[in-house]
Every structure is written in C-alpha cells, then in structure tokens.
Amino acid sequence: TRQSALQKIGLSEVAQRLELAHQATSGSYTAESLKPRLHTINSEVCEGFFSSVAVLVEGVSDKAAIIAAGALQGLDLESQEISILAVGGKDNLDKPLTILKGLNVPVYTIWDNDNTQPENIKANSALQRLNNIPEDQIQGACTLVTPNFACFASKLEDTLKQEIGEDLLSSLLNQKLDAYGVTSHKDAMKVPLIMSEILKEAAQQGKISATLQQIIHSIKALRTNDNVTERSLRNAA
C-alpha cells in the first residue's frame, strides 16, 4: 500500500550536525548563520527531496560520468527515480547532504579529494563524518567506494585515466571533439551522451572503469533498499 510520509528537519539541527562534522567551535554554526548559505539548495538540488535516491556530485562532469556509467550497465537512472544532483563544488556538498539525510532520503555522495592541502583534508574528513564514518576510520586522500559515498584520491578524471588508459581516453575524446563540434576535452566530459559513448567504446576494447562500476552497484543497492518504503511527500522545515 502506498503511503505519504511527512518528514521535517529544523535549521538548528542541521547547523548542529554541520558543526560536529566540521569540528567547529560551539556556536560557529547556527540557524541564522546557515540561512544565507542555503542558496546552494537550488531547483536542481531540490529534486532530491522527491527522489528514491539522491546522488550528490560536485559538478556537471561528475554528473555526466555517473549517468554514462549507469547507461553502460543498462540502467536509466532517471526512470528509477535516481537523481544525479550537481551542487557546484565540494564545499557545497555538506548542507544538502545533511538536510536530505535528516529527511530520511537515501543519499549517495561523490567527491574529489583533490590534494593534501589542509582545507581539502578538513572538507574530506567532514564529509566522511556526515556519512557516519567513525573518527578512527576516517581516511585521507584516497579512492574509496562505500555503500553510501565514493571519493577519488585526486579527481574522477585521473581515475578514468588510470583505469581506461590515458592514451585511449584522450583518443576517444579527440574523436568526440570532431564528431560533436566540442572545443575541449573538459567540455566533452560534461556531456552525458559523449561520456556514454566513450565508456561504451572503451569497454569494447576491454577497458572498463572498475571504480565507476562499483559506484553504480552501490547506488543500485540504495535504490533496492528504498523499495521497501515508498515516499511520495517530503517537506523540509
């Protein structure tokens, strides 16, 4: 039997969870100080409130890669009510992650560790805490795929270069530049259709990104678990 479940989470609770995750001094995060930072919860991110699974990524290149990886496995993410939501950078992941988890929406988070600079280490650790990783198990800059999040030691692009092969990836991207009139590899990697073709053609040559495959399996598992309870209405307070 389908049911409508009303969920809510207050800004004070969101602020408290963020403060703990960032190990900030008491009072650093409040409901009032959080309000001007909520512009990142835009119309795209709000799709997550009505998704069976919300997948949070940093940018459009990550979004294109995940959509393409799903297509390679015959999975139409959108038809499964799985929303891939680009938030515009790693620093914008923590707030929607905290809010969606507070509303009991299944969330999968994907981010780049970037490098070992202190500010990146701090952000990476906070995201792991928000995903309930115990303090003694938090890891530094590494490639890691878990049931609830995935991160790359450097960037997704670097992982693709390692697993598919830098020469092959560059060659396939060059072909797409000519075929679709795209001006750069960076722009090509933002287009789901192009990324889908690249991953498919690489697979035909025996080159597959094991990391992307694992991520898709984890997202599918979250979707399967969510089938137990249908949520047709959620409301954030």
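Is Lys-176 buried or exposed? Select Lys-176 and take a look: at 6% relative accessibility it counts as buried (buried means under 20% relative accessible area, exposed over 50%, partly exposed in between, with a 1.4 Å probe and protein chains only).

Before you click further, a word on what's on screen. This is a predicted model, where local features need pLDDT of at least 70 and side-chain atom pairs count only at pLDDT 80 or more, while totals for chains, interfaces and linings use all residues. Residues are numbered from 1 along each chain as its sequence is written, and side-chain values use heavy atoms, with hydrogens and water left out.

Helices here are DSSP runs (H or I, at least four residues), as are strands (E, at least two), numbered from the N terminus. Glu-197 counts as partly exposed, at 22% relative accessibility.

Next, pick Lys-90 and Asp-114. Their salt bridge has its closest N and O atoms 3.0 Å apart. Lys-90 counts as buried at 7% relative accessibility, whereas Asp-114, at 25%, counts as partly exposed.

**Stop three: helix α4**

Now go to Lys-63 and Glu-44, whose side chains meet in a salt bridge (3.0 Å, N to O). Lys-63 belongs to α4 (residues 60–72) and Glu-44 to α3 (residues 43–46), 19 residues apart. Lys-63 counts as partly exposed at 24% relative accessibility, and Glu-44 counts as partly exposed at 24% too.

Stay with α4 and select the whole helix. Its 13 residues reach 18 Å from first C-alpha to last, close to the 18 Å expected at 1.5 Å a residue (the expected span is 1.5 Å times one less than the number of residues). Buried residues in α4 include Asp-62, Ala-64, Ile-66 and Gly-70. Finish at Gly-74, which follows α4 and has a positive phi, near 75 degrees.

Key:
Salt bridge = Lys/Arg side-chain N within 4 Å of Asp/Glu carboxyl O.
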